[in-house]
Amino acid sequence: MEEFNTSNIKETNEESGSSKVLPSGEDLGGAFLLHLADTTLILSQRNSEWCGHGPVLEQDIALTNISLDLLGQSRNFYQYAAAIINLSTNQPTNPVTEDSLAYLRKEREFKNLLLAEQPNGDWGQTILRQYFFSQYQYLLFEQLQNSSDEQLAAITAKALKEIKYHLRWSSEWVIRLGDGTAESHHRMLHAIDELWRYTGEMFLPADYEKETGINFSFLKDAWMKKVKAIFEQATLSIPENVFMQTGGKTGIHTEHMGYLLAELQYVQRAYPNSEW
Amino acid sequence: MQEINSYGNDKTPEITGSSKVPPSEGFREATIWQILETVCDPEVPVLSILDLGIVRNVVLQVSPFGGDVEGAEIIITPTYTGCPAMDMISMNIKLALAEHGYKNVKVTSVLSPAWTTEWMSEAGKEKLKAYGIAPPNVRQQVCNNDLFAPHEAVQCPRCNSYHTNRLSEFGSTACKSLYQCDDCKEPFDYFKCH
């Protein structure tokens with residue numbers, strides 16, 4: 001339908017570094033979509049653990065709102081991934097659904113970033129995790145919204161409007177805490193210690209990302225530049241010579257992942273095929 | 001198949017009217033839109049889904065014999081990606097149309113172009129204000145990534161003062177942020193620009 005054409009958002013955006021037209025969803029296969037879906041689901045699950053435990057009511061609500069946005073994004077990616085996986089398996093007897101992908105896959109099948117599954121720690125650690133991710137997600141989706149795949153472009157263009165809020169909120173908190181009291185500054189240093197090693201993975205393409213047309217070197221440079229600027233305002237500095245842990249994108253997770261999935265998938269495992 | 005892109009129709013046909021003359025196309029279109037006007041946002045029940053601007057299109061399937069409406073596809077767009085009201089809205093659309101005899105109804109969600117509060121009707125904004133929720137500003141004054149930017153000037157829906165203060169960018173639902181009026185001291189929701 002004419003009304004829904006997306007040509008206005010597909011123009012090549014030089015600022016986002018994406019000069020290559022991304023391939024269609026069928027070319028992508030399900031793996032890349034699952035990676036996007038898993039990361040947003042797992043981070044949503046982690047953030048939602050704060051529900052009712054936030055330091056003040058307004059910030060508790062803020063974080064759960066962000067959690068809800070991420071869950072919505074993950075549903076869009078899972079639904080699309082399910083459609084593509086079912087298409088590629090040619091009339092499957094047990095077609096996959098958004099629910100089966102989220103609730104019935106095992107740890108090694110999840111392709112989320114290691115950053116997303118890290119425990120909440122204190123408020124500072126949760127904030128820093130969200131900031132690292134939102135900054136990355138914002139820059140990545142700026143590229144993906146130009147995808148030649150209409151559905152991927154539509155999902156990411158819509159999500160970008162929400163990510164702007166997440167990015168602004170988490171950036172402000174990083175500055176507030178880093179440049180706050182001696183205690184909050186100290187906590188941010190600890191958070192950087194805990195999380196920095198999981199940021200390298202974002203810019204190392206997995207096999208299923210190599211044909212996506214994402215400009216990873218541009219993504220990394222842009223991310224580092226933004227983080228540096230925020231850290232400067234927050235009187236924090238970027239650590240050097242840190243060993244970067246990888247594996248999440250290909251299913252090799254940290255020790256925290258199994259516990260997270262146990263909680264996330266418990267009801268569906270205990271009462272198979274139960275529905276809302 | 002025919003497509004209807006707008007509901008700005010002057011005709012106000014009665015929904016239950018029966019006539020021996022086959023209804024005109026305009027009549028059938030307007031009837032569907034009129035039924036959709038009765039479907040409300042479950043979170044903000046004063047707003048219809050047309051006020052919210054989430055109905056993008058209605059596609060009727062008309063029988064080649066006699067011109068009866070055999071089915072309808074209602075194309076909607078979600079407000080926020082994770083808005084839990086969307087599933088309920090889809091169901092309520094089907095229920096409302098079923099009450100008027102439309103059985104073969106399909107609700108399709110389309111993401112692009114992304115929903116914006118600019119699609120909210122003026123009548124909807126008035127209803128929101130009367131309900132105690134500040135409607136979205138016509139143009140968002142603060143719509144960039146600048147940090148610690150001055151808060152948007154939002155008018156208190158109760159006393160109309162602009163001396164208001166943002167308590168939280170995130171509110172009771174994804175579409176709202178939380179404000180307080182410095183003059184009448186009442187806290188209120190602001191339906192934020194998106």
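**Confidence first**

Colour chain B by pLDDT. This is a predicted model, and chain B averages a pLDDT of 83. In chain B, 84% of the residues score at least 70. Now select residues 1-19 of chain B. Over this stretch the pLDDT is below 50. Even so, residues 1-19 have 28 contacts in the model beyond near neighbours in sequence. Where pLDDT is low, the predicted coordinates should not be read in detail. For the complex, the predictor gives an ipTM of 0.79 and a pTM of 0.86.

**Chain B from end to end**

What will you find? Chain B has four helices and eight strands. Chain B has 194 residues, and 34% of them count as buried. Take the contacts in chain B with a separation of 6 or more: residues 24 or more positions apart account for 50% of them.

**Two domains**

The domain assignment puts domain 1 at 2-115 and domain 2 at 119-191. Look at where the two colours meet. Here 13 residues of domain 1 of chain B are in contact with twelve residues of domain 2 of chain B. On the domain 1 side, eight of these residues are nonpolar, three are polar and two are charged.

**A hairpin in chain B**

Select strand S2 (residues 55-62) and strand S3 (residues 69-76) of chain B. These two strands pair in the antiparallel sense, over seven bridges. Pick B:Val59 and look across: B:Glu73 in S3(B) stands opposite. S2(B) and S3(B) form a hairpin, with six residues between them. Stop at B:Gly66 in the turn, where phi is positive, at about 85°.

**A cis peptide bond**

Go to B:Ser112 and B:Pro113. A cis peptide bond joins them, with omega about 0°. Where does B:Pro113 sit? Its place is in the loop between strand S4 (105-109) and helix H4 (122-131) of chain B.

**The four-stranded sheet**

Now select strands S5, S6, S7 and S8 of chain B. They make an open sheet with the order S5-S8-S7-S6 and mixed pairing. Which strands stand at the edges? They are S5 (133-134) and S6 (164-168) of chain B. Each edge strand has a single partner strand, so one side of each is left without a neighbour in the sheet.

Move to strand S7 (residues 176-181) and strand S8 (residues 187-191) of chain B. They run antiparallel, and five bridges join them. Follow the side chains as you go. In a regular strand the side chains alternate between the two faces of the sheet.

**Where chain A meets chain B**

Bring chain A back. The contact takes 28 residues from chain A and 21 residues from chain B. On the chain A side, two elements give two or more residues: helix H2 (57-88) and helix H6 (150-178) of chain A. H6(A) gives the most, with 15 residues. Colour the chain A side by class, and you get 13 nonpolar, six polar and nine charged residues.

**The largest nonpolar core**

Next, select A:Leu33, A:Ala37, A:Phe77, A:Ala81, A:Leu128, A:Val174 and B:Ile49. These residues have the most contacts inside the largest nonpolar core, which has 105 residues. H6(A) gives the most to this core, with 14 residues. Domain 1 (2-115) and domain 2 (119-191) of chain B both give residues to the core, so it lies between them.

Zoom in on A:Ala81. Which residues does A:Ala81 contact, leaving aside its neighbours within four places in sequence? They are A:Gly30, A:Leu33, A:Leu34, A:Ala37 and A:Leu101.

**Two positive phi values in chain A**

Select A:Thr235, in the loop between helix H8 (216-233) and helix H9 (257-270) of chain A. Phi of A:Thr235 is near 55°, a positive value in a residue other than glycine. Is A:Thr235 buried or exposed? A:Thr235 is exposed, because 12 other C-beta atoms lie within 10 Å and a residue with 12 or fewer counts as exposed.

Last stop: A:Asn273, in the segment after H9 of chain A. A:Asn273 is not a glycine, yet has a positive phi of about 65°. A:Asn273 is exposed too, with 7 other C-beta atoms within 10 Å.

Key:
Residues are numbered from 1 along each chain as its sequence is written. Chains are lettered from A and ligands numbered from 1 in the order in which they are written. This is a predicted model: local features need pLDDT of at least 70, side-chain atom pairs count only at pLDDT 80 or more; totals for chains, interfaces and linings use all residues. A residue is buried if 20 or more other C-beta atoms lie within 10 Å of its own, exposed if 12 or fewer, and partly exposed in between; C-beta atoms are placed from the backbone. Two residues are in contact if their C-beta atoms, placed from the backbone, lie within 7 Å. Two strands pair if DSSP finds at least two bridges between them. Ala, Val, Leu, Ile, Met, Phe, Trp, Tyr, Cys and Pro count as nonpolar, Asp, Glu, Lys and Arg as charged, and the others, Gly among them, as polar. Domain bounds come from an automatic or database domain assignment. A nonpolar core is a set of buried Ala, Val, Leu, Ile, Met, Phe, Trp, Tyr and Cys residues joined through C-beta atoms within 7 Å. pLDDT is the predictor's confidence in each residue, from 0 to 100.
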